[in-house]
Amino acid sequence: MAITIQSNLSRRRFLGTAATGALTLAAGGLALPGYSRAASRPQMPSGLQSGDIGADRGVMWARADRPSRCFIEWSTTESFKDAHRLPALDALPETDGAVKILAEGLPADQDIFWRAVLADLSDVNAVSEPMVGHFRTAPTQKRDISFVWSGDTAGQGWGIDESRGGMTIYSTMLKHRPDFFIHSGDTIYADGVIKEEVDLPDGTKWKNIVTPAKSKVAETLEEFRGQYLYNLMDANLRAFNAEVPMLAQWDDHEVTNNWSDSKVLGDAYTQKSIRALSANAARAFHEMMPIAITPQEPQRVYRKVAYGPLLDVFFLDMRTYRGPNGANLEAEEGPVSAFLGPVQLAWLKRELKASRATWKVIAADMPLSLVVWDDFKNRKGFEAVANSENGQPLGRELEFAALLKFIKDEKIANTVWLTADVHYTAAHYYNPEKAAFQDFEPFWEFVSGPLHSGTFGPNDLDMTFGPELRYVKAPSAEQGQNLSPAAGLQFFGHVKIDAASEVMTVTLRDAADAALWSTDLQPRKA
């Protein structure tokens, strides 16, 4: 089956909606008339997504509302002159209609306009209108780079309130026209039940859209998929996804709060096997996110995304390979103290050493030195790296002490850590002179979030690696915890790298796009 799409509409008129045009399918030499009646056409209700872009590639994702064949083509012009067709994809119930493809052979440092069309598998005359997306491939030469990062979408019962504009922070980030977006984890809240209404302190009500999937904790594959589809109901997010490639990682709420293989599931779950739960969650994550598949480990999340001579981004998975949450006081590395795990840690060291990019951004789904309790109420057990001892490395800190020493010994310059998870924004400067463990070079860690969830914090800092708090914005004691998005304490970070000077400028921003704090990082020669 071959497909040809003809349209003179610009990308801006297509964006976020189905566009009009003329389409002809040819099958076995039979020419069929244009579009079928609108009511019978396949639809793409979740919009389009792109991700894991490189100099010659990018992932393209779409989802059909019925069994369909998906045709995708790309061009370097909005008119789709000289469009390039990709192999057709079958959107089937086995993936809830979601399909994605890694398009290779793309030109470097180019705007790529791509569009998807669906043909109903049971009715060749039922053909969707095309939907258009856009991204820019990575450069091979120096140029200015701009990207944003944050985490935590639709958590703590704060869903889509259309009367308040929905998830407006995505529209705020889109105004910056970033080259890409790093979603630092908690892309969904699979354990977060959403109610229709929540009373706010000012006397108003937060009114959520509610779906069956968001009315209980996710356990089945269908319920996990429904968590992603809920977020994609938001018009702000769909418009953002159509224009900005997402580089996604996961954390705990893609499965359940503070999960590891030793997690004991509570009364809310009829499924009592954490491994069965995480298996469904992992499949849904990889189906519904525009993440490239790693052939050696198809559900791998950790990976490197190269973005030209100025930037490499190293995505960590601080969830899949960890040991149990516990006292975090082991004196030697082993299965209990593991956080990244030996295979991922060896990969990260190898890739950092091999990198020739000026800046090496380490995208972590959890912060290094913020104390995150497993049992917050009783201050018991630890969910993140820090163990609140403020002394020499123990437990999970051992992996990171070894990593930081390796970075110093191998003279790997210009590492910057970006993270989210704690639902506030902060800037940490790691100073070995202030640290209990001092065998490392100074570096920065920037925290930003949530995107559209409850606001919490601030957390205590563990001084093992000498973090200095240079900036923080979190709820005050008077405001309390779990503030709704209406309170305005939703945050993202914006990074710019200047091609001429190679200076990295990091700015912490809120949902209203106010620049809260900024710093210029000068590149250091190795």
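A search of the whole structure, which is a predicted model, turns up two cavities of 30 Å³ or more. The largest cavity has a volume of about 100 Å³. It is lined by 14 residues, and the ones closest to its centre are Gln49, Asn231, Leu232, Leu237 and Met289. Two helices each put at least two residues into this lining: helix 3, which runs over 221-231, and helix 4, which runs over 235-243.

The largest pocket has a volume of about 770 Å³. Its lining takes in 25 residues, and closest to the centre sit Asn257, Val372, Trp373, Phe376 and Phe456. Sorted by class, the lining of the largest pocket splits into eight nonpolar, nine polar and eight charged residues.

The second largest pocket comes in at about 410 Å³. Here 19 residues do the lining, with Arg57, Ala292, Arg303, Lys304 and Val305 closest to the centre. Two elements give two or more residues to this lining, namely strand 17 (303-306) and helix 6 (342-354). Which of the elements gives the largest share of the lining of the second largest pocket? That would be strand 17, with four residues. The class count for this pocket is 10 nonpolar, two polar and seven charged residues.

Arg303 also shows up in another setting. Arginine 303 lies over the face of phenylalanine 315, at 4.6 Å from the ring centre. A lysine does something along these lines too: lysine 214 lies over the face of tyrosine 230, and the distance to the ring centre is 5.9 Å.

Then there are the contacts between rings. The structure holds 24 aromatic pairs. Take tryptophan 444 and phenylalanine 446: their ring centres are 5.3 Å apart and their planes meet at 5°, so this pair counts as stacked. The cut-off behind that label is an angle under 30 degrees between the planes. Are the two partners buried or exposed? Tryptophan 444 is buried, since its relative accessible area is 12%, and phenylalanine 446 is buried as well, with a relative accessible area of 0%.

A second pair brings together tyrosine 471 and tryptophan 517. Their ring centres lie 6.2 Å apart and their planes are at 20°, so this pair is stacked too.

Phe339, Phe400, Trp417, Tyr430, Phe437, Phe440, Phe443 and Phe465 together form one aromatic cluster.

Conventions:
Residues numbered from 1 in each chain as written. Predicted model: local features only at pLDDT ≥ 70, side-chain atom pairs only at ≥ 80, totals over all residues. Heavy atoms only, no water. 1 Å grid on protein atoms, 1.4 Å probe; cavity = no way out; pocket = protein on both sides within 12 Å on 5 of 7 lines; lining within 4 Å. Points joined across faces, edges and corners; volume = space filled by probe spheres on them. Nonpolar A, V, L, I, M, F, W, Y, C, P; charged D, E, K, R; others polar. Phe/Tyr/Trp six-rings, centres within 6.5 Å; stacked < 30°, edge-to-face > 60°. Buried < 20%, exposed > 50% of the residue type's maximum accessible area, 1.4 Å probe, protein only. Lys NZ or Arg CZ within 6 Å of the ring centre and 35° of its normal.
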